[in-house]
Amino acid sequence: MDGGTEREMELLDSYLRAVKRYLPRGQADDIIKELGDDLRSQIDEKATELGRPLSDSEQMAIFKENGDPMLVARRYRQDRRSLSLGWELIGPELFPMYSIILCVNLTITVVAIAAIALFTHTPITIRDFYFAVVVQILCVTLTFIILNFIRRKFPQPWYYPPAELAPLIPISRWYSTSGLILWSVVALWWLLIPHFPRVLLGGAAAHLNFSPAWHTLYVAVLPLLLALISQRVISLARPAWTWILPVMRLAINIAGTLIFFLLVFKGGGLVMANAAQYDHVADVANGWLMWGLFGPWLWMYTGVAALVYAWYCVPHLRRLLRRERMGPAATVSDVPCESGKERT
Amino acid sequence: MAHGTNSDGLLENLRLELRRGSLVLAVLAALRDEQYGYTLRKALADHGMEIDEGTLYPLLRRLETQGLLLSEWREEDKRNKRFYRLSPEGKQILKPLFAEWQSIDSSLDGIFRES
């Protein structure tokens with residue numbers, strides 16, 4: 001097997017694995033075998049026509065014609081359930097994921113409430129569950145309605161491209177723009193905190209001062225926010241520089257994990273009472289900051305995100321090494337796909 | 001020209017809908033001779049019935065589940081391929097289905113001539 005063919009198989013396998021992820025388990029292997037044979041036949045035919053192995057972007061064009069892995073798999077599913085109220089709220093392609101996430105969330109909520117009640121020896125009533133369950137249903141449903149709206153509004157992009165194919169899909173402008181707006185708002189909020197502590201501490205701000213630990217955290221988080229904004233700006237200006245996204249986010253998430261882990265590990269409060277009678281206010285605020293806003297969930301989240309982005313960096317690194325090894329000739333594989341078909 | 005774009009989109013949707021209805025008949029007719037997916041798709045395309053693999057393979061599976069097609073995996077050109085052919089039940093259904101198609105065709109023809 002020569003380098004070109006090996007590379008073709010690598011990308012094809014990556015595409016097929018992505019399709020398989022969404023297929024019904026019982027039929028997945030059979031479907032993938034057949035779909036793989038068809039795509040391989042198309043690649044072979046095109047390669048014969050050109051008299052050389054296909055470049056990455058030429059293969060990608062074949063996969064794009066075949067479709068987003070999630071949508072391809074959906075066509076094999078008999079399950080066509082959706083959520084509609086006169087018009088479609090959650091389409092059949094998202095509905096299976098919606099029902100799974102809703103069930104998982106509701107189960108965790110119910111079990112957690114029951115466990116807390118048992119642990120604290122308080123009687124369990126229906127009212128305890130009612131609010132949490134309704135909030136869960138509303139939040140999950142609303143999230144999926146928005147996702148469905150985005151899918152309908154921007155039907156072309158691939159939503160969760162496999163890592164191996166991600167470098168070939170330019171980052172969509174609307175994705176960079178929405179991220180830019182979101183993180184600019186967060187950065188603005190962060191910048192306002194020293195001048196208007198109420199935006200973080202609410203009414204309690206009048207009785208509290210920030211501790212030295214807060215100042216360390218504040219200064220450490222600021223460059224992370226600037227880096228998050230910079231990544232969106234670069235991706236907006238250069239959508240074809242697909243390596244920017246995983247590389248910068250990997251660095252940001254590693255830094256975030258270290259910062260937030262050290263914050264929890266070192267302990268100590270982020271705020272202090274400005275008078276002894278407000279010590280309990282400081283305790284409550286520190287509890288909310290250390291276990292809520294900057295709680296362990298944050299470093300765990302950034303840690304997992306760092307692993308995911310590290311995984312997405314691997315194909316870029318491999319491409320870089322291949323280019324180093326093969327010289328400028330290898331760049332034929334690195335022509336990005338047309339920018340009209342972007343990744344989200 | 002938003003109006004032009006909308007009517008182009010509508011025409012495309014209606015065209016696809018119309019073709020989708022006739023695909024089953026085209027696939028059944030083409031599978032009177034045994035073929036595997038890729039060659040079937042090419043054969044249909046050669047006759048002006050372009051169909052993408054994302055539509056064809058689920059359709060083949062559905063027709064097989066309905067008992068209209070039979071399939072088997074066999075090796076050809078050092079590769080395992082799934083060959084499809086019309087089942088006896090499929091053969092039985094193809095005839096009246098094609099007659100129905102011809103009847104629709106002549107009805108439409110008549111309507112168009114009158115107007």
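# A tour of chains A and B

Begin in chain B: strand β2 (residues 69-76) is joined to strand β3 (residues 79-86) by eight bridges, and the two run antiparallel. Strands here are DSSP runs of E with at least two residues, helices are DSSP runs of H or I with at least four residues, and both are numbered from the N terminus. Two strands count as paired if DSSP finds at least two bridges between them.

The model is predicted: local features need pLDDT of at least 70 and side-chain atom pairs count only at pLDDT 80 or more, while totals for chains, interfaces and linings use all residues. Residues are numbered from 1 along each chain as its sequence is written, and chains are lettered from A and ligands numbered from 1 in the order in which they are written.

## Stop 1: the sheet of chain B

Select B:Glu76 and B:Arg79, which are bridge partners, the latter in β3(B). β2(B) and β3(B) form a hairpin with two residues between them. In the turn, B:Asp77 has a positive phi of about 50°.

Next select B:Phe83 in β3(B). Which residues stand across from B:Phe83? B:Glu72 stands opposite B:Phe83, and B:Tyr36 has B:Phe83 as its bridge partner. The latter pair belongs to the pairing of strand β1 (residues 35-36) of chain B with β3(B), which is antiparallel and has two bridges.

Now show the three strands together. They form an open sheet in the order β1-β3-β2, with antiparallel pairing. β1 and β2 of chain B are at the edges with a single partner strand each, so one side of each has no neighbour in the sheet.

## Stop 2: chain B as a whole

Colour chain B by secondary structure. Four helices and three strands make up its secondary structure, and from the N terminus on the elements run α-β-α-α-β-β-α. Of its 115 residues, 18% are buried. A residue is buried if 20 or more other C-beta atoms lie within 10 Å of its own, exposed if 12 or fewer do, and partly exposed in between, with C-beta atoms placed from the backbone.

Two residues are in contact if their C-beta atoms, placed from the backbone, lie within 7 Å. Among contacts in chain B between residues at least 6 apart in sequence, 44% join residues at least 24 apart.

## Stop 3: where chain A touches chain B

Show both chains. How many residues does each chain give to the contact? Chain A gives twelve residues and chain B gives 13 residues. On the side of chain A, α2 (25-50), α3 (56-66) and α4 (69-76) each supply at least two residues. The largest share, six residues, comes from α2(A). By class, the side of chain A that touches chain B has three nonpolar, three polar and six charged residues. Ala, Val, Leu, Ile, Met, Phe, Trp, Tyr, Cys and Pro count as nonpolar, Asp, Glu, Lys and Arg as charged, and the others, Gly among them, as polar.

## Stop 4: chain A and its hairpin

The secondary structure of chain A comes to twelve helices and four strands. Buried residues are 24% of its 344 residues. Among contacts in chain A between residues at least 6 apart in sequence, 74% join residues at least 24 apart.

Strand β1 (residues 83-85) and strand β2 (residues 87-90) run antiparallel and are joined by three bridges. A:Leu83 stands opposite A:Ile90 in β2(A). One residue lies between the strands of this hairpin, and A:Gly86 in the turn has a positive phi of about 85°.

## Stop 5: two helix pairs in chain A

Select helix α5 (residues 95-119) and helix α6 (residues 126-153) of chain A, which pack at an angle of about 155° with their axes 10 Å apart. Axes are lines fitted to C-alpha atoms, for helices over the stretch in contact, and angles run from 0 to 180 degrees between N-to-C directions. α5(A) and α6(A) are therefore roughly antiparallel to each other. Angles over 145 degrees count as roughly antiparallel, under 35 as roughly parallel, 65 to 115 as roughly perpendicular and the rest as oblique. Residues making the contact include A:Tyr98 and A:Ile113 of α5(A) and A:Phe129 and A:Phe144 of α6(A). By class, this contact of α5(A) with α6(A) has 13 nonpolar, three polar and one charged residues.

Finish with helix α10 (residues 244-266) and helix α12 (residues 296-326) of chain A, whose axes come within 8 Å and cross at roughly 155°. α10(A) and α12(A) are therefore roughly antiparallel to each other. Among the residues that meet are A:Phe260 and A:Phe261 in α10(A) and A:Trp299 and A:Tyr309 in α12(A). The contact of α10(A) with α12(A) has, by class, 16 nonpolar, six polar and one charged residues.
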